[in-house]
Amino acid sequence: MKVMVAGAGIGGLCLAHGLLRAGVDVRVYERENAAHSRYQGFRIGLNEHGLAALHECLPPRLHGLLAAVTGPMAGERLVLDRQLREIRRLGAVDGGTATDRHVLRQLLLTGLTGRVEFGKAVTGYAESADGTVEARFGDGTTATGDLLVGADGIGSAVRRQLLPEAEVVTLPGNAILGRTPLTERFAALVPGFGTIVHGPGVVMLLGRMEFRRPPRLAAAELAPDVLLPDTGDYLRWVVMLPVLRSREPGGWPAVRDRLLALLDGWHPDLLDLVRRADVGNSSPLTARCAKPVPHWGGTRRVTLLGDAIHPMPPSGGQGANTALRDAALLSRSLAAVQHGEAELPAAVAQYELRMLDYGFTAVTESLQHLPDFTPTRQPDAAGAQV
């Protein structure tokens, strides 16, 4: 059996590892030109589903390295005002795991040499009467397999063809994501699981990414064939704004200066956090989510996972975890086919029914949490809504 995966994000790569462990021939096609060709985002929290999926799909020899290059997420959740005075506490979280998305993606690329092709954008597909599917690429070439998995993100070309009626909507408001090298001063802003700062018309979310061991050094000792980025500890911050704004001309410096103007009067530690942000790893973000879709039925040789089917706002902390959960479930279903224990169409349909259930439940829960992080509209100094 040959499985083709559109997209080399963490969901698609996790699936590839799970399929390899089951003896399935898998190929991953990524539209970007190289593994480091674009901004990858940063700290995400792994819950029990995400961690379990990674442990299930990754080869055991990489489990120790995965543990070494993640970090703790535990302790009290504080709500502060813009002068860092405590407003309330949301209660302690007993434990969790933080990971850097770029570091995790590089770890997931390990062992897939020759199976991941960059510069291959899947633009569509054609199903054949003989039970195969042909993936079509933007460069005019094609590839044929037994199943095509759309793991190509929120703008999925595979979803657009498979489910042309599926809707992805832009949510009100906007966010600016930043990453600032961790110092003792900035670490004090997040003494526990995370910190929320409320100001007039603006909410700032703070979280630490503190690796148990430096990723590159940990890889050199625990898995010398793995090359991980030399990423240092940092504080991840997100500023939530109430109204969608177009991207500022001039790139990050213009965004930063606009943000500092909005934060006028905030505590100096918070202003310096923005000023010292890593230019290459800070950017605006627009939140989107998918409207639920029913199972499409039939015996298709095409399916979807992760943001390609159920994108959700980051307010629930479930997007990456749900994609990883999809990958583990689908790899388990396809392993049964590989071992002669199930037929491919039935196994894929069973995966889809379960995935749609918990996936859109996660979308709903994330939307329910969104008001906790969304500021109310406030006029700026010039009277405009910000």
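I looked up V3 and found that V26 in β2 stands opposite V3. The two strands concerned, β1 (residues 2-6) and β2 (residues 25-30), pair in the parallel sense over five bridges. I note here that I am working on a predicted model.

I then traced the sheet around this pair, an open sheet of five strands with parallel pairing and the order β8-β2-β1-β12-β20. β8 (116-118) and β20 (302-304) each have a single partner strand, so one side of each is left without a neighbour in the sheet. Direction ignored, neighbouring strands of this sheet are turned by 20° against each other on average.

Next I turned to β10 (residues 133-137), where V133, A135 and F137 make up the covered face, while E134 and R136 belong to the uncovered one. β10 pairs in the antiparallel sense with β9 (residues 122-127) over five bridges, and G124 stands opposite R136. On the other pairing, β10 and β11 (residues 142-145) are antiparallel over four bridges, with T142 in β11 as the bridge partner of R136.

I checked both turns: the β9-β10 hairpin has five residues between its strands, and G131 in that turn has a positive phi of about 90°; the β10-β11 hairpin has four, and G140 in its turn has a positive phi of about 90°.

Last, I examined α1 (residues 10-21) and α2 (residues 48-57), whose axes come within 8 Å and cross at roughly 40°, and the two helices are therefore oblique to each other. C14, H17, G18 and R21 in α1 meet A53, L54, H55, E56 and C57 in α2, a contact with four nonpolar, three polar and two charged residues.

Notes
Residues are numbered from 1 along each chain as its sequence is written. This is a predicted model: local features need pLDDT of at least 70, side-chain atom pairs count only at pLDDT 80 or more; totals for chains, interfaces and linings use all residues. Side-chain values use heavy atoms; hydrogens and water are left out. Axes are lines fitted to C-alpha atoms, for helices over the stretch in contact, and angles run from 0 to 180 degrees between N-to-C directions. Angles under 35 degrees count as roughly parallel, over 145 as roughly antiparallel, 65 to 115 as roughly perpendicular and the rest as oblique. Contact means heavy atoms within 4.5 Å. Ala, Val, Leu, Ile, Met, Phe, Trp, Tyr, Cys and Pro count as nonpolar, Asp, Glu, Lys and Arg as charged, and the others, Gly among them, as polar. Two strands pair if DSSP finds at least two bridges between them. Buried means under 20% relative accessible area, exposed over 50%, partly exposed in between (1.4 Å probe, protein chains only).
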